[in-house]
Amino acid sequence: MDRRSFVKAGCLGSASLLLPGLDPMLRGETAPAVPAIEVHGMPGYQPSPLGMPGLFPGRVVEIRDPKAIVRNRVSQPIVSRLLDQAMKGLTGATSGREAWASFVEPKDVVGIKINPSGAPACCSSPEIIREIIAAVESVGVPRRNILVYDRYSYEIDTGSYQALLPTGIRIVGIQDAFVSGSAGYETGIYCEASFFGEWETRSYMATVVAQEVTKIINVPTMKDHSASGVTGALKNLAYGTFNNVARTHLAPYSFTNPLIGFMCTAEPLRSKAVLHVMDGMRQVWHGGPLTQVQEFIDQPGILMVSTDPVAMDTVELAAIDKKRAEKGAPSVWARDPSSITPDTNAFFHDAGKNLFFRQPGHIAAAGKLGLGIGDLNQIDHRVL
Amino acid sequence: MISEPAESKSLRNWPTLLGDNARTGGQGPHPARSPEKALWQFRTGAVRSAPVLVDGMLYVTSMSGVVHAIVAATGVAAWKFDAPDPVHSTPSLFGNSIFFGCDNGKLYSIDRSSGKKLWEASSQDEIWGSAAVRDGVVYFGSADGTLYAADAGTGSTRWSQRLGGRIYSTPHAEERHVYAGSGDGTVYCLATDSGKIVWGTPTGNGIDSSPAVADGIVVIGSEDFFVYALDADTGEVRWKHETGLGIASSPAVSGNLVVVGSKDGFLYAFDLRSGRLRWKTEVGEVVTTPAVIGQGAICIQSGGLVALAPGSGKILWRAGLGAALQSVPVLAGGCIYVASLSGEIYALR
């Protein structure tokens with residue numbers, strides 16, 4: 001079966017009216033219209049039952065320990081315990097190994113998708129990645145079949161992941177940040193849309209995702225995002241797997257909604273992403289995804305696990321917006337034009353300012369695409 | 001002006017990372033005034049390593065796997081060598097050989113006159129650190145967790161020693177001892193003749209920084225946020241200082257001055273012997289590259305090229321080059337040579 005899905009303008013236009021998160025301003029006189037988006041997945045790929053929303057749709061297990069992070073130092077023993085308990089809570093298994101065996105087999109090539117884009121202030125904690133590697137090994141996957149990857153090699157470098165992770169695994173930066181081209185990407189698997197008249201209208205899927213790994217463990221961080229509202233499981237997967245994605249936001253407008261969701265529907269990404277482990281050791285409530293301003297980074301020591309990225313991100317979104325309210329910052333849903341600034345320095349140091357009209361509705365939109373449950377009232381949010 | 005006496009052996013040459021095999025970051029009386037113009041610009045693939053300079057020739061490795069020899073005066077390419085995989089490693093020069101590590105797990109020796117390969121030595125994983133050369137022996141670490149010693153002339157293995165974690169730290173070689181940091185968080189001292197571990201001092205997290213050694217003290221940063229000064233003979237902690245985040249930057253030492261950057265965005269200056277903090281200055285959002293010490297200025301690449309007064313830490317000037325820099329500048333012959341992640345190499349005067 002040809003898994004190519006083809007979303008025409010009329011279809012998306014109809015859908016957009018139904019998606020509660022789609023920015024009303026995008027239907028205004030001055031905002032550009034939502035373009036047609038084509039999703040070209042891998043032809044003939046057989047979808048997996050483990051694919052998003054996975055084995056436990058709507059279930060999000062959250063656990064926290066304030067001692068898990070102290071003055072930016074993450075405790076290896078505590079995150080080990082938290083991850084073990086969370087995985088057992090998610091699956092009902094009696095041991096960590098049994099829990100991980102629900103998702104990974106010894107024959108798998110496991111890709112661990114980190115989020116180093118806020119390194120060093122807020123990125124996937126190497127301590128959590130170490131625990132995930134150990135857990136995957138415990139199931140019988142040899143280290144040579146475990147790889148840790150992200151889009152930009154220089155961001156991985158800034159996070160010093162190379163030095164901090166165990167020997168024997170592979171660490172893959174899909175591309176050098178400042179060198180363009182399609183090396184490392186599959187030119188036959190792509191999402192196509194013209195958002196702002198850009199000359200390259202396609203975003204290609206990374207070869208490491210399409211061809212090398214058989215399972216993906218996704219490790220997003222808890223961060224607000226100037227364009228998409230928050231960056232969580234969905235955005236970490238979509239914008240870390242496809243190239244040429246910065247073109248979706250041109251201040252003050254952003255088409256991260258709905259592109260993020262569409263990208264996550266593309267096979268084989270959808271089938272391979274079997275588990276999401278959200279690193280909430282740090283929580284960026286303003287300035288994401290790249291801020292280094294510690295004033296906007298709390299350290300709650302949270303870990304969440306889910307197979308449903310929509311449910312996970314819905315919980316994250318509520319937490320970030322709650323934190324912003326506590327801090328007196330406007331909601332990520334706010335649409336006050338006076339809060340928009342072209343000054344990145346002002347944005348990075350003033351929680352009342354932003355570069356874009358944020359698009360947190362991308363999460364609900366992804367739910368409409370079948371990737372998970374986006375209604376907080378229907379989410380089985382278990383706090384251990 | 002820098003208060004400590006300069007100890008450099010050379011005014012013009014800069015044959016390895018941080019100027020010499022002691023990783024002292026220059027020390028020489030290289031002029032480091034604000035550059036007024038670019039003498040030339042050379043385009044290659046993304047550069048994460050640092051250029052080196054010997055006898056008027058600049059040698060640069062790139063992540064596209066190409067090693068360039070460039071005439072420093074003109075920016076004209078003399079030759080290039082195509083490695084089979086990306087090169088993150090800063091080249092080291094010794095005699096007529098250039099040594100560099102490659103992502104394919106091999107250390108290459110090439111002839112610096114012709115660019116022809118002389119030999120290659122294998123490890124089991126990528127080699128990002130630079131090689132240290134002393135008394136005809138090349139020392140290098142690999143991500144396979146092993147520190148290797150090879151004959152500089154033939155590449156044959158003298159010894160190899162498995163350490164506890166991935167090695168991205170560039171070793172420092174003295175007459176009897178070689179020092180390196182490891183991803184297991186331990187600073188190791190090995191015997192140069194056998195590779196036997198003499199001592200290992202644990203820190204609180206992995207090590208991405210490279211050691212500098214001066215006056216019997218090993219200085220190195222750790223991802224546990226601390227700068228460590230260790231007794232070179234025993235590994236005993238002489239002093240340590242906490243910064244705000246992890247340290248990937250490698251220290252530079254000149255006389256009694258130690259300079260090291262932290263990912264918290266600050267550059268720190270200490271007394272080598274006492275550990276007293278002389279000053280700290282915020283130079284950018286994140287500092288991961290080593291600083292170099294010239295006469296009258298300390299230079300570091302952090303969101304551009306930044307120069308600071310050695311005595312006070314006051315920022316003297318910044319040069320924004322319109323490109324991300326993750327390299328280490330070379331201060332030599334009245335020029336500053338820098339390379340960028342976007343693939344440009346500049347000669348600034």
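Tutor: Residues are numbered from 1 along each chain as its sequence is written, while chains are lettered from A and ligands numbered from 1 in the order in which they are written. In this predicted model, local features need pLDDT of at least 70 and side-chain atom pairs count only at pLDDT 80 or more, whereas totals for chains, interfaces and linings use all residues.

Student: How many residues of chain B are in contact with chain A?

Tutor: Let's start with the term: two residues are in contact if their C-beta atoms, placed from the backbone, lie within 7 Å. On the chain A side, 14 residues take part. On the chain B side, the number is 28 residues.

Student: Which helix gives the largest share of the side of chain A that touches chain B?

Tutor: Helices (H or I, at least four residues) and strands (E, at least two) are DSSP runs, numbered from the N terminus. Helix 5 (153-158) and helix 6 (161-164) of chain A each give two or more residues to that side. The largest share, 3 residues, comes from helix 6 of chain A.

Student: Is strand 7 of chain A largely enclosed or open, and why?

Tutor: Good one! A residue is buried if 20 or more other C-beta atoms lie within 10 Å of its own, exposed if 12 or fewer, and partly exposed in between, with C-beta atoms placed from the backbone. In strand 7 (residues 146-152) of chain A, 5 of the 7 residues are buried, so the strand is largely enclosed by the rest of the structure.

Student: Which residue in strand 8 of chain A stands opposite A:Asp150?

Tutor: Two strands pair if DSSP finds at least two bridges between them. Strand 7 of chain A pairs in the parallel sense with strand 6 (residues 110-113) of chain A over 4 bridges, and A:Lys113 stands opposite A:Tyr149 there. Strand 7 also pairs in the parallel sense with strand 8 (residues 170-175) of chain A, over 5 bridges. In strand 8, the residue opposite A:Asp150 is A:Gly173.

Student: How many strands does chain B have?

Tutor: Buried residues make up 59% of its 349 residues. Chain B has 0 helices, and its strands come to 33.
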